[in-house]
Amino acid sequence: MTTILNAIEIKAENYIASYDPETSKVSLSGALRLAGMEEYAPISQLMIDVLNSGAVQLTIDLQRLDFLNSSGINMLSKFVITARQRPDTKVLVLGSVSIPWQGKSLKNLQRLMPTLQLQLA
Amino acid sequence: VNTALLDSPNLTIDAPVRIFGDFWELKPTSQEYLILGFSPSSIPIQKRWRNNGLSADFLADYVTTFLPCNPEDEALSTEKVIDLKGTLSYIANELLENAIKYHSPTSPLPIDVKLQLTADAVIFQVTNSVDVDRVVPFQALIQTLLTCDPGEFYIQQLERTSTDVNDLGSGLGLVTMIHDYNAKLSWCFQQAFPLLEMTMPITPTVPTTMVTTMVQLSLI
């Protein structure tokens, strides 16, 4: 079942997390260094809500996410593990080659979910 | 043995010392090093956490200024500098986060961060106190980190933490340093007996276990 989810934006001093329903795209930008999974819960919930809305294709845009700590990597991994249980939803992750952590760590998401598409531009 | 702490006037250090991995004492023989010290209890942890990012970026910027170490070597490309800054910033941030997260809240000792540049490596040593009941589980995690296949362990921890309610002690930050950043990790545990200056006569308090996490990042 597909439900309509409105645009969402979570804005803080160092980062923005947003969802655009027209493109089914979740964007994270800035620097995410939150303290543990509890602090990541609102962003994690945003991504799960989008997944639960029944989108066929879901894009996670990280092209302007300059920094992500290991708790953030844990959050992304948890999301991917949840997403792989929904074979009807395709997940595309957009990253940037000019942000070093992305080239080093994002490929691990594909090991968790082999159908995940990763584009580093 | 951690020399900076040994030199501290209000502290005595006693055996036993336990070493895991390729750990050695940093000597201030290199031209370039930085030492930071702070007490987590002096300000609220949220404010302290905010400083992690600033400190990590500062440490990364500071080191890259001195590269290449040998002035006759070719200057680093812009891409290499960006890559190295990213690596140093990630590692410094994870080390600071861990030190604050696991520092024993009752410890009167500060957290101590050392960064040293050698001819072919950048070395971090971060020392914090650990609660006595965390020592054994932490040493077990370290044993696993030093003997496992990092790629397998990484995926295993991600799968595991996906079902755990809290992510304390997964070692994910440490395994990303090894697996994604090719860093070499080692540890030193030692007992300290902080002397409280406020008490007269000066009496030793209960022993505190301190752990120093060493990260070596090759520049070659």
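**Chain B against chain A, and a look at Leu95(B)**

Across the interface of chain B and chain A in this predicted model, the rule picks out five salt bridges.

Q: Which helix gives the largest share of the side of chain B that touches chain A?
A: Helices H2 (45–65), H3, H5 (150–161) and H6 (172–181) of chain B each supply at least two residues of that side. The largest share is nine residues, and the helix behind it is H3(B).

Q: How many residues on the side of chain B that touches chain A are charged?
A: Chain B puts 30 residues into the contact, and chain A puts in 25. The chain B side divides into nine nonpolar and eleven polar residues, and the charged ones number ten.

Q: What share of the area buried between chain B and chain A comes from carbon and sulfur atoms?
A: Twelve residue pairs are in polar contact across this interface. The buried area comes to about 2200 Å², and the carbon and sulfur share is 50%.

Q: Is Leu95(B) buried or exposed?
A: Leu95(B) lies in helix H3 (residues 78–102) of chain B. Leaving out residues up to four places away in sequence, Leu95(B) touches Phe124(B), Val126(B), Met177(B), Thr213(B) and Val215(B). Its relative accessible area is 3%, and the cut-off is under 20%, so Leu95(B) counts as buried.

Definitions and conventions. Residues numbered from 1 in each chain as written. Chains lettered and ligands numbered in written order. Predicted model: local features only at pLDDT ≥ 70, side-chain atom pairs only at ≥ 80, totals over all residues. Heavy atoms only, no water. Helix = DSSP H or I, 4+ residues; strand = E, 2+ residues; numbered from the N terminus. Buried < 20%, exposed > 50% of the residue type's maximum accessible area, 1.4 Å probe, protein only. Contact = heavy atoms within 4.5 Å. Buried area = accessible area lost by both parts, 1.4 Å probe. Salt bridge = Lys/Arg side-chain N within 4 Å of Asp/Glu carboxyl O. Polar contact = N/O pair within 3.5 Å; in protein donor to acceptor, adjacent residues only side chain to side chain. Nonpolar A, V, L, I, M, F, W, Y, C, P; charged D, E, K, R; others polar.
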